[in-house]
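Please look through the sequence and the model shown below before reading on. The report that follows takes up a helix and its surroundings, then a strand and its neighbours, and then each chain in turn.

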Amino acid sequence: MIFVIGPMFSGKREYLQKALNLTLEELSAQAAFDVETLAAGEENLEDLAARLSQYDFVIANEVGCGVVPMEAEQRRFRERAGRLSCLLAQRADTVIRVCCGLPQVLKGDWKC
Amino acid sequence: MLTLVIGGAASGKSEFAENLVLTLPGQRVYIATMEPYDGECLTRIEKHRRQRVGKGFLTLERYRDLGGLEVPAGANVLLECMSNLLANELYSHQGGGSAAVLKGVERLYTRCANLTIVTNEVFSGGKDYEGDTLHYLRELGAVNRALAAQADRVVEVVCGCPNVLKGRLP
């Protein structure tokens, strides 16, 4: 599994499409997007990470770099989202961070 | 050469960008985009002015319509910063949105030898945004990606240290 992480609106999806020469439909068939949104509602993050790892590509937004949110629900969201990303990165063969549409390989072999 | 420098608040991106421009021979021009509408803006502008003292920049203030700005031909231009310029173009009556920003950059770059643009990393602080803020994030993200695609080099600055995402540093 290839895990792609990066800031919101950084062009993660577009990067994968371009690198693999896939349409959005083709990529969508083998990829899970915005997975950080799944983390808060899942009791067991390990199970969720294991299920997501069945996809070829998993894409998540970095959401943990702001000030601690005032609302408990938001704090839980970003805590769970961050933990899920760590678990996905552990399982991934390749981790790519995309910033401004530009890739950086954080783990594994991948020719950008 | 077109260079994009991105970083979070107080990451040292401005100083890094200034020092990068200092390595270039020739005239240096600083385009300041922050409109001084309150005391906090003035304080910030003053801090940046002090930081540039002795670095030999001609400062030009430009809040909108970058394409209409005349700069000395062949100058090394530092544009700071994209996040202010885009907000001015998006939210003022005379503004032309992100299209005006990108067109302005294109025109400016034809006149100068080197253009260095500073922009902000504001996209990793969570997803609890809506309305105007979400729209602004989406637009700035698109502008940053478009600039990064055109740029010869893209550098992310983290606590003053460069993380080169594209191209190479001198």
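## What covers helix H4 of chain B

The buried residues of H4(B) are covered by elements of chain B that include strand S4 (76-80), helix H3 (82-91), strand S5 (114-120) and helix H5 (131-150). The buried residues themselves are B:Ala100, B:Val101, B:Gly104, B:Val105 and B:Leu108; they lie on the same side of H4(B) because they cover an arc of only 135° around its axis, the arc being that of the directions from the helix axis to the C-beta atoms. A residue is called buried if 20 or more other C-beta atoms lie within 10 Å of its own, exposed if 12 or fewer do, and partly exposed in between, with C-beta atoms placed from the backbone.

On the other side of H4(B), B:Ala99, B:Glu106 and B:Thr110 are exposed. The helix comprises residues 97-111, 15 residues, and reaches 22 Å from its first C-alpha to its last, close to the 21 Å expected at 1.5 Å a residue, where the expected span is 1.5 Å times one less than the number of residues.

## Basis of the model

This is a predicted model, in which local features need pLDDT of at least 70 and side-chain atom pairs count only at pLDDT 80 or more, while totals for chains, interfaces and linings use all residues. Residues are numbered from 1 along each chain as its sequence is written, and chains are lettered from A and ligands numbered from 1 in the order in which they are written.

Strand S2 (residues 28-32) of chain B is mostly covered, five of its five residues being buried. B:Arg28, B:Tyr30 and B:Ala32 point one way from the strand, whereas B:Val29 and B:Ile31 point the other way.

S2(B) runs parallel to strand S3 (residues 57-61) of chain B and is joined to it by five bridges, with B:Tyr30 standing opposite B:Thr59; two strands are taken to pair if DSSP finds at least two bridges between them. Between S2(B) and S3(B) the chain passes through helix H2 (residues 39-52) of chain B, and this β-α-β crossover is right-handed, a term that applies if, with the strands pointing away from the viewer, the path from the first strand over the helix to the second runs clockwise. Five bridges also join S2(B) to S4(B), again in parallel, and there B:Arg28 has B:Asn76 as its bridge partner.

Chain B has five helices and seven strands, and along the sequence they follow the pattern β-α-β-α-β-β-α-α-β-α-β-β. Its radius of gyration is 15 Å, which agrees with the value near 15 Å for a compact globule of 170 residues; the radius is taken over C-alpha atoms, and the globule rule is 2.2 Å times the number of residues to the power 0.38. Buried residues make up 37% of the 170 residues in chain B.

In chain B, 21 residues are in contact with 18 residues of chain A, contact meaning that the C-beta atoms of two residues, placed from the backbone, lie within 7 Å. Strand S1 (2-7), H5, strand S6 (153-158) and strand S7 (161-166) of chain B each supply at least two residues of the side that touches chain A, and the largest share, eight residues, comes from H5(B).

Notes: Helices (H or I, at least four residues) and strands (E, at least two) are DSSP runs, numbered from the N terminus.
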